[in-house]
Amino acid sequence: MLPLSLLTAAQNKPMLVELKNGETFNGHLVNCDNFMNITLREVYQTSADGDRFWKLKECYIRGSTIKYLRVPDTLLDTVKEEQSRAREAGRSGRGAGTGSRGRGGTAQRGRGGPRGGGQRGRGRGRGG
């Protein structure tokens, strides 16, 4: 399971984020991007030593500062099931009935003829 696919599925779900400096953020995921930068709403921030707390309406966290994310276990199960369904649909839908994979078999390649076929001296470079 890819982390970004899990994060996109976690939108509007509660999560805990711990940063590399020890601070923690508990809130609901609003958005995430390909760099794992995230925006949380209704956030409770806890200092690294755990003795100070702040309540924030919304916060933005840079992905490179994140140590780990904790999401509900039910979300993990849901994403796993969705990915396995998509994988099964992909297997049955692609190339049904051909019995071969990729470009192999007796089909011609590109502009015809076998790969690397015979006409030397053509193309780039000097000569005639």
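Strands here are DSSP runs of E at least two residues long, numbered from the N terminus, and glutamine 45 lies in one of them, strand 3. The close-ups below all come from a predicted model.

**Figure 1. The whole chain: two helices and five strands.** Welcome to the overview. The protein has 2 helices and 5 strands, and from the N terminus on they follow the order α-β-β-β-β-β-α. Of its 128 residues, 23% count as buried. The exposed surface comes to about 10200 Å², with carbon and sulfur atoms supplying 48% of it. If contacts between residues at least 6 apart in sequence are considered, 44% of them join residues at least 24 apart.

Figure 2. The 5 strands form an open sheet in the order 4-3-2-1-5, with antiparallel pairing. Strand 4 (53–61) and strand 5 (66–70) each have a single partner strand, so one side of each of these edge strands has no neighbour in the sheet. From one strand to the next, the twist averages 30°. As a reminder, strands of a sheet pair through backbone hydrogen bonds, either parallel or antiparallel.

**Figure 3. Strand 1 between its two partners.** Strand 1 pairs with strand 2 in the antiparallel sense over 5 bridges, and 4 bridges join strand 1 to strand 5, again antiparallel. On the strand 2 side, methionine 15 stands opposite glycine 27. On the strand 5 side, leucine 19 has isoleucine 66 as its bridge partner. Do look at the turn as well: strand 1 and strand 2 form a hairpin with 4 residues between them, and glycine 22 in that turn has a positive phi of about 100°.

**Figure 4. Strand 3 meets strand 4.** Strand 3 (residues 38–46) and strand 4 run antiparallel and are joined by 8 bridges.

**Figure 5. The largest nonpolar core.** This core has 18 residues, and Met15, Val17, Phe25, Leu29, Ile38, Leu40 and Ile61 are those with the most contacts inside it. Helix 1 (3–9), strand 1 (14–19), strand 2 (24–32), strand 3, strand 4 and helix 2 (73–93) each contribute at least two of its residues. In soluble globular proteins, nonpolar side chains tend to be buried together.

Figure 6. A polar contact of 3.1 Å links the side chain of glutamine 45 to that of glutamate 23. Beyond its neighbours within four places in sequence, glutamine 45 is in contact with Glu23, Thr24, Phe25, Arg52, Phe53, Trp54 and Leu56.

**Figure 7. Asparagine 37 in a loop.** To finish, here is a residue from the loop between strand 2 and strand 3, asparagine 37. Its relative accessible area is 12%, so asparagine 37 is buried. Not counting residues up to four places away in sequence, asparagine 37 touches Asn31, Cys32, Tyr60, Ile61, Arg62 and Gly63.

Terms used. Residues numbered from 1 in each chain as written. Predicted model: local features only at pLDDT ≥ 70, side-chain atom pairs only at ≥ 80, totals over all residues. Heavy atoms only, no water. Pairing = 2+ DSSP bridges. Axes fitted to C-alpha atoms, helices over the stretch in contact; angles between N-to-C directions. Core = buried A, V, L, I, M, F, W, Y, C linked by side-chain atoms within 4.5 Å. Buried < 20%, exposed > 50% of the residue type's maximum accessible area, 1.4 Å probe, protein only. Polar contact = N/O pair within 3.5 Å; in protein donor to acceptor, adjacent residues only side chain to side chain. Contact = heavy atoms within 4.5 Å. Areas by Shrake-Rupley, 256 points an atom, 1.4 Å probe, with all protein chains shown as cover.
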